[in-house]
Amino acid sequence: MRRIASYRKYFLTAVLALSLTAMSCSPLTSVTFGAPGVETPLEVAKVAPTMTPAPTPTTLPATALEVETSEEELLVNLYERVNPAVVNIRVIKRVEQTATFVMPDEFYQEGQGSGFVWDREGHIVTNNHVVEGADEVEAVFWNDTVVEGKVIGTDPDSDLAVVEVDLPAETLHPAVELGDSDELRVGQMAIAIGNPFGQAGTMTRGIISGLGRTFRPGSSPFAIPEMIQTDAAVNPGNSGGPLLDSEGRVIGINTLILSRSGSSSGVGFAVPINMAKRVVPVLIEEGEYQYAWLGITGTDLTPAIVEAKELPASTQGALVIEVGQDGPADEADLRGGTETIEIRGRPLRIDGDIILAIDGTPVQDMDDVIVYLVKHTRPGQEVELSILRDGQERKLTVELGERPDSVGR
């Protein structure tokens, strides 16, 4: 995966093109580091049988041209309403001399991404990877106003960041409305506005092509759950820009793409807006966001593992592979595996506890554990785990800790 932010190096007067490559987790191939709710407002009416009287002009069924015109008007109106909220983020990083560049003591790397106005207090939301390590940040608005920005909060685990600018409230145009990413459906219209390849104010559209995806941002060991997948074209420079529904509501923040070439291949991903609703206000107030931490490494309970453990075929849950020493799970006596066997050519410890539910919410796989902890818990909170150990169901109470900077889940 590759980050959507695009970069250029400046060395003396020569300009060298660069592209940021994201980590390789299942690797975020591109960074653009790229829903049950809104029904498509356009439908083609069925044509009445020929034996019925011809309809009057006011009841004529919509033609393909009429539908296309209606959609065109929808997109034009949406763009005119939302584009003033979209911002081009430009960053400059000072890079120390390397063996390749031996003349100056330092040179500069310029990058860019997108963002959008969050409120009239001058807060702009973008991706963490867009501004990570930046020495200078500029915000370029739709009317070509350019102002210096200050990064006031970052969260690598959600790949979100907040940039603050000093502008009069009346000159700022916050995003019209924030949507509800928990109510999205596959097939809904998805619209991206951003600055791909530095082309400000670019709109693309497609559909939500998948939901519930889990990916790990390049600078974090923790995964982002419930990401939105879209085929709307997002490219380097779209990182941090809004993903919108057909009503112009922000439903996600474009973050990464899967691509071998570094350009859009029709598979982009966005951080869900409901995660931003939780994280961004805390970043504005405190500069960072703390997640609850269970302190385990686990995996899905696959049919092969179920068979190897001689469990009923219908058993679902998350298998605990390892428990971090002196972590929350360890303190609560949750147990990892000690016996290693080979399953399909892969060594795996399968004799650890199986998490069946958290606070009564069923767990089908490891993603369910991540989602529940991110959405419903904070450090210091107690949760009740329903587990399966040695064929017997048990309940454990765990007081959750704070995520460390790097370690398992």
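1. Basis. The model is predicted, with local features requiring pLDDT of at least 70 and side-chain atom pairs counted only at pLDDT 80 or more, while totals for chains, interfaces and linings use all residues. Residues are numbered from 1 along each chain as its sequence is written, and side-chain values use heavy atoms, leaving out hydrogens and water.

2. Salt bridges. Across the whole structure, 12 salt bridges are found (a side-chain nitrogen of Lys or Arg within 4 Å of a carboxyl oxygen of Asp or Glu). Glutamate 71 pairs in this way with arginine 205, their closest N and O atoms being 3.0 Å apart. This pair links distant parts of the chain, 134 residues apart: glutamate 71 belongs to helix α1 (residues 64–82) and arginine 205 to strand β11 (residues 202–215). Helices (H or I, at least four residues) and strands (E, at least two) are DSSP runs, numbered from the N terminus. Glutamate 71 is buried at 17% relative accessibility, whereas arginine 205 is partly exposed at 47%. Here buried means under 20% relative accessible area, exposed over 50%, and partly exposed in between (1.4 Å probe, protein chains only).

3. A loop-to-helix contact. Lysine 375 and aspartate 182 form a salt bridge with closest N and O atoms 3.2 Å apart. Because lysine 375 is in helix α6 (residues 366–376) and aspartate 182 in the loop between β9 and β10, the pair ties together parts 193 residues apart in sequence. Aspartate 182 is partly exposed, at 37%.

4. A salt-bridge network. Asp333, Arg335, Asp353 and Arg389 are linked in a network of salt bridges.

5. Aromatic pair. The structure holds three aromatic pairs. In one of them, phenylalanine 116 and tryptophan 118 are tilted, at 6.3 Å centre to centre and 40° between the planes. Rings of Phe, Tyr and Trp (its six-membered ring) pair if their centres lie within 6.5 Å; planes under 30 degrees apart count as stacked, over 60 as edge-to-face and the rest as tilted. Phenylalanine 116 is buried at 1%, and tryptophan 118 is buried at 18%.

6. Leucine 172. This residue is found in the loop between β9 (160–165) and β10 (189–194), and is buried with a relative accessible area of 1%. Leucine 172 and valine 117 are 55 residues apart in sequence and 7.3 Å apart in space, C-alpha to C-alpha.

7. Glutamate 402. Strand β25 (residues 401–402) contains glutamate 402, which is partly exposed at 48% relative accessibility.
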